[in-house]
Structure formats: structure tokens, C-alpha cells
Amino acid sequence: MEMLKVNGVEKTFAPGKLPATVADLLAHLNVDAATVVAEVDGGIVQRDSFARTKLRTGQAVELIRLMGGG
Amino acid sequence: MDKLVIAGREFDSRLLIGTGKFASPDIMAEAIKASGAEIVTVALRRVDIDNENDDTLAAIDRSRYLLLPNTSGARDAGEAVRLARLARAATGINWLKLEVTPDPYYLLPDPVETLKAAEILVKEGFVVLPYINADPVLSKRLEDVGAATVMPLASPIGSNQGLKTRASLEIIIEQANVPVVVDAGLGLPSHAADAMEMGADAVLVNTAIATADDPVRMAEAFKLAVEAGRIAYESGPAAAGKRASASSPLTGFLRD
């Protein structure tokens, strides 16, 4: 099995089914990329780089969004 | 009313509004509109990957309002800097409400970590609006490292207690060379008007509006209070005195 840690939760994928890029991961999770910012292993990935930022098994991905706050 | 100028940018409204705690995104959007605010604070959190309808801020028209991301949740300077960089990546803007609140009970800001983070973030090109306790010395230190405003608290966040830090706020306002935004704890429009009459440049309100029975009308009430308070300040309030001073002439009484 292959694995990504997404927002602290381990997500497993069958061999060869790991989302290839950040954009693929967002599509897999049904998350609208337009409102999200990502970190992969602690490094910020700009939105315009989602489609070319490749993912490997074992990486930690944080998907972050603006929310209501004071 | 004079314009509010922060980091060279002009604003007509002196009321900043937070977007937390609203019952629905639609009520939030209506309340923001009724408040007349031009600066709207937002937080940064993990996406709820199990909930597709997680985007509660979609109702905000981002072409009309300056989003001011905060670093809420940060417990030290390092976490605040990380959140700041993410916020800039998320919004494309470099304005930031810096808050470092390690204490979960009173949510009081950590002055040492806040100053440390402000120094780093100003150097990275952020327009930093730091949330602080009402500390006149810290205010000057933040000004020295290039903070765009200072945002001293009136009382603990969300407590609605009003201007508990009045004496220190007065000193901060007297000494400041950057706008003073009184943030946190303002529970009623009268509290906001009071802060503005004291000479605060602006106020930031969230809980008192979001958790009112009618947030939209309460937003309007705060708008009017902030305007009234500012106009009163600009008009030069009359002196207060201990004794009576007759408003009517003390001559021409109908008696011998």
C-alpha cells in the first residue's frame, strides 16, 4: 500500500493509485483548489503549482483554507 | 469623517469586522454589508476533507473587501510566521493580523513572541497589524520594528466586557504614530463609540455582532456608533467639570 498523511490523517492507496500531484489529490478529495493553499512536507506549494507538484508515498500534505475568524 | 490610513491605504470605514461565529455564511455576508466595513478578518485552518461544503467564506465578495488573515491558533512566533506565509499564499495579499495567544483561557497575546514575529514578518514584506495587550511600551516597540498599526485589546476576546484597559489605551493613543485599532472585548456599540471618542483610529468587532440575536442590525448599530464616536472626537469634545455650568442665561429671570 502507498500512503499520504493528509491534514494529520493517513490515507492509504493501492499500489499505483497514489494521486500523482497536489491537484490530483484535491480532485480525489473533491476539494475546490481555488480556495486552498497546500504544504507538502512543510514547504508551501503555491496554487499555480498544484498541477506540477508531484507527490510520493509517505509525504505529509497540509490542505489549508480561509475560514471565519476574528 | 477623516479617512483611516493604514500603510498608505485609505479607508472610509473605521470599523473592522471579524467573520467568526456567524450562524450562517449568508448572515455573515449581510452583516458585513450592514457594517460598512472594508477590512474583514479571516482565519486559516485545515480543510475538512470529509466535508465538501467546508468553504464558509465563499459568500464574501473579495473584490469589495480587504481580507485580513489572522494567525489565530499560533502559540509562538514560529507558528505565527508559518501561518502568515500560508495566508499570503492563500490570499495573494500581504496584510496580516498577527496574533500569538498561547493561553487558551483568556487568549491573551504573548508580547515577546508577538514582537519577535512582527520583526520577522515586516522584513518579509508583510503589512503587520499586531493584536496586543494594552501595553504602551510594547506598542512603541512594535512601531519601532515597523508594525502598520497596533491593535490593543479592550478586554479578553469574545468577553463583551468593554473598555477594561481604558487607562492604558489612553496612553497608547496619546503616544502612537501608527493607527490604533481597539480590538477584542467590545460588546456594545456604546463601547465602540467610547473608544472612538477617546481617539482610537478604528475598532475591530466580531463576537458582539456575530452572536447578537440579529447580527445584521447589530452590525449597523456598530457602524453608527463608530461614526458617531469618530465625529465626536474630530469635533473636540467639551470639557467635563465637577460643578454645574448653566446652559441657559443667568440673567433676565422673571422675578424681582
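Two strands are taken to pair if DSSP finds at least two bridges between them. Helices (H or I, at least four residues) and strands (E, at least two) are DSSP runs, numbered from the N terminus. The model is predicted: local features need pLDDT of at least 70, side-chain atom pairs count only at pLDDT 80 or more, and totals for chains, interfaces and linings use all residues. Residues are numbered from 1 along each chain as its sequence is written, and chains are lettered from A and ligands numbered from 1 in the order in which they are written.

**Strand pairing**

Strands of a sheet pair through backbone hydrogen bonds, either parallel or antiparallel. In chain A, strand 1 (residues 2-6) and strand 2 (residues 9-13) are antiparallel partners over five bridges. These strands of chain A form a hairpin with two residues between them, and A:Asn7 in the turn has a positive phi of about 50°. Strand 1 of chain A also pairs with strand 5 (residues 60-68) of chain A, in the parallel sense over two bridges. A:Val6 has a bridge partner in strand 2, A:Val9, and one in strand 5, A:Val61.

In chain B, three strands form an open, parallel sheet in the order 6-7-8. Its edge strands, strand 6 (95-98) and strand 8 (151-152), each pair on one side only. Strand 7 (residues 127-132) of chain B is joined to strand 8 by two bridges in the parallel sense; B:Ile132 has B:Pro152 of strand 8 as its bridge partner.

The bridge partners named above are collected here.

| Residue | Bridge partner | Strand of the partner |
|---|---|---|
| A:Val6 | A:Val9 | strand 2 of chain A |
| A:Val6 | A:Val61 | strand 5 of chain A |
| B:Ile132 | B:Pro152 | strand 8 of chain B |

**Overall form of chain B**

Chain B has eight helices and 10 strands. Its C-alpha atoms fill a box of roughly 85 × 40 × 35 Å along the principal axes. The radius of gyration, taken over C-alpha atoms, is compared with a globule rule of 2.2 Å times the number of residues to the power 0.38. For 256 residues a compact globule would have a value near 18 Å, and the 20 Å of chain B agrees. A residue is buried if 20 or more other C-beta atoms, placed from the backbone, lie within 10 Å of its own, exposed if 12 or fewer, and partly exposed in between. By this criterion, 45% of the 256 residues of chain B count as buried.

Helix 6 (residues 189-198) of chain B is mostly covered, with seven of its 10 residues buried; among them are B:His191, B:Ala192 and B:Asp194. Contact means that the C-beta atoms of two residues, placed from the backbone, lie within 7 Å. The cover over the buried residues of helix 6 includes strand 9 (181-183), strand 10 (202-205) and helix 8 (215-235) of chain B. B:Gly199 follows helix 6 and has a positive phi, near 110°.

A nonpolar core is a set of buried Ala, Val, Leu, Ile, Met, Phe, Trp, Tyr and Cys residues joined through C-beta atoms within 7 Å. The largest core has 95 residues, of which B:Ala192, B:Val203, B:Val205 and B:Phe222 touch the most other members. Its largest share, eight residues, comes from helix 2 (residues 77-91) of chain B. Not counting residues up to four places away in sequence, B:Val205 touches B:Leu15, B:Ile17, B:Gly18, B:Leu186, B:Ala192 and B:Phe222.
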